[in-house]
Every structure is written in C-alpha cells, then in structure tokens.
Amino acid sequence: MNRQVKTTPRKRPRQDRAKATVDTILAASARVLVKRGFDGFTTNEVASAAGVSIRSLYQYYPNKEALVAALLEQHVEEMSAMLMGELARVSLLPMAQAVRVVIEMTIKAHAVEPELHRVLTEQVPRVGRLARIRELDVLGHRAVTELLKVRQHELAIRDPELSAFLLCTSIEAIVHRAVLVAPEWLRDPRLVDEACALVTRYLGVADG
C-alpha cells in the first residue's frame with residue numbers, strides 16, 4: 001500500500017519573527033530546489049541554507065513535500081495575482097491588443113524565477129497540495145475561452161473552447177521551451193511579436 005504523503009504544514013506562523021523565519025526557509029527552499037531538483041532536495045540542506053536548525057524547520061513543515069507545497073502555493077498565488085490583474089482589462093481592448101497583452105502576461109509570468117517554475121512544473125509530483133500548479137493552466141484556459149466566446153463574432157473560429165485549448169497549449173509550449181533552452185528570449189521583444197503573429201493569423205484578425 002502506498003504511503004499517503006502529507007503536504008500540509010504543521011502550523012502557520014503568527015508572530016512577525018515566526019513569519020520572517022518561514023520566509024527565510026522558503027527562500028532557501030527555492031534556491032536548493034533549483035540547484036538540486038526535486039529528487040535531490042532535502043530538508044537538511046534547506047535548514048543549512050536558511051541558517052536555521054532542522055528542528056525549527058520541522059516545527060512548520062513535516063517533510064520535503066510539505067515544504068515544496070508551500071513554495072508552490074506561494075509561486076501559484078504570485079502568478080495568479082499577476083494573471084488576474086491583467087485579464088481584468090483585456091476584454092475591453094481591440095482583439096489584436098488583447099492577444100498581445102495575454103502573450104506578454106504569459107511571458108512575464110514565466111520570467112519570474114524561470115528556473116524555479118521549470119522545476120515546479122517538470123519535476124514535482126502532482127500529489128496533495130503539490131497539484132496546485134494545475135490551477136494556473138485551468139485559470140488561463142478559462143479566461144481565454146471566455147474572451148473568445150465574447151469576441152467570436154470578430155474571429156475566424158468555430159469552437160471557442162477548442163481554440164482556447166489550442167492557443168493556450170501552443171503559447172505555453174513556446175514560452176516553456178524558451179525557459180528551458182533560451183531564457184534570454186523571454187526578454188526579447190521579437191518573441192512577443194512572432195507569437196502575436198502566430199495567434200492573430202489563426203484567429204483571423206489583423207496583427208496590430
């Protein structure tokens with residue numbers, strides 16, 4: 001029988017000093033995770049990198065899975081906040097501009113600690129709270145689907161949900177590949193321009 005992995009923290013910090021300790025532990029966790037990968041990630045190395053005792057770390061996180069889950073939760077919340085902040089204004093823009101905003105937003109999100117994002121999406125098992133990384137995909141797909149439904153009369157598409165799936169998958173693959181093999185392209189405006197041309201031609205709108 002497989003052991004159920006505990007991915008919830010033992011307790012939440014309440015006092016400022018405790019919150020500072022947890023922030024230090026999570027920052028060290030990110031560095032160690034990027035350096036070692038999930039399989040090589042250990043709580044002992046995190047405690048050493050954070051300058052705290054292993055006992056202090058275990059007050060909050062019972063194992064490495066719970067620690068990575070907390071790191072993942074922080075990462076997802078940061079990216080979700082960025083995503084929702086931009087999507088609020090996209091529906092009011094001309095379609096070509098809306099496409100550009102969504103693509104720029106996707107690239108910007110991946111440019112925030114790209115190596116950490118790569119490890120979290122590629123190496124971390126999808127168990128318990130570690131499955132939260134899927135929320136980003138669901139949120140993005142839902143938002144793009146709604147945008148295409150509202151603007152379908154302007155577009156050369158028949159099924160907004162299918163088109164959203166194709167577009168989200170394609171752009172995510174392009175950006176994710178850039179993170180892996182050419183992270184400098186995340187800062188190159190030509191990546192945005194070419195991705196916009198790809199999407200607007202598929203949608204049948206002029207690339208503004």
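Which hand, left-handed or right-handed, does the crossing of α1 and α6 have? In this predicted model, in which local features need pLDDT of at least 70 and side-chain atom pairs count only at pLDDT 80 or more, totals for chains, interfaces and linings use all residues. Residues are numbered from 1 along each chain as its sequence is written, and side-chain values use heavy atoms, with hydrogens and water left out.

The protein chain has a mean pLDDT (the predictor's confidence in each residue, from 0 to 100) of 86, with 93% of its residues at 70 or more.

The axes of helix α1 (residues 16-40) and α6, which are lines fitted to C-alpha atoms over the stretch in contact, come within 9 Å and cross at roughly 55°. The two helices are therefore oblique to each other, a class that takes the angles left over when those under 35 degrees count as roughly parallel, over 145 as roughly antiparallel and 65 to 115 as roughly perpendicular. The crossing is left-handed, meaning that the near helix is turned anticlockwise from the far one by less than a right angle. In contact (heavy atoms within 4.5 Å) are Ala-30, Leu-33, Val-34, Gly-37 and Phe-38 of α1 with Glu-115, Leu-116, Val-119 and Leu-120 of α6.

Glu-161, found in helix α8 (residues 160-181), is in contact with His-141 and Thr-145 when neighbours within four places in sequence are left aside.

Conventions
Axes fitted to C-alpha atoms, helices over the stretch in contact; angles between N-to-C directions. Helix = DSSP H or I, 4+ residues; strand = E, 2+ residues; numbered from the N terminus.
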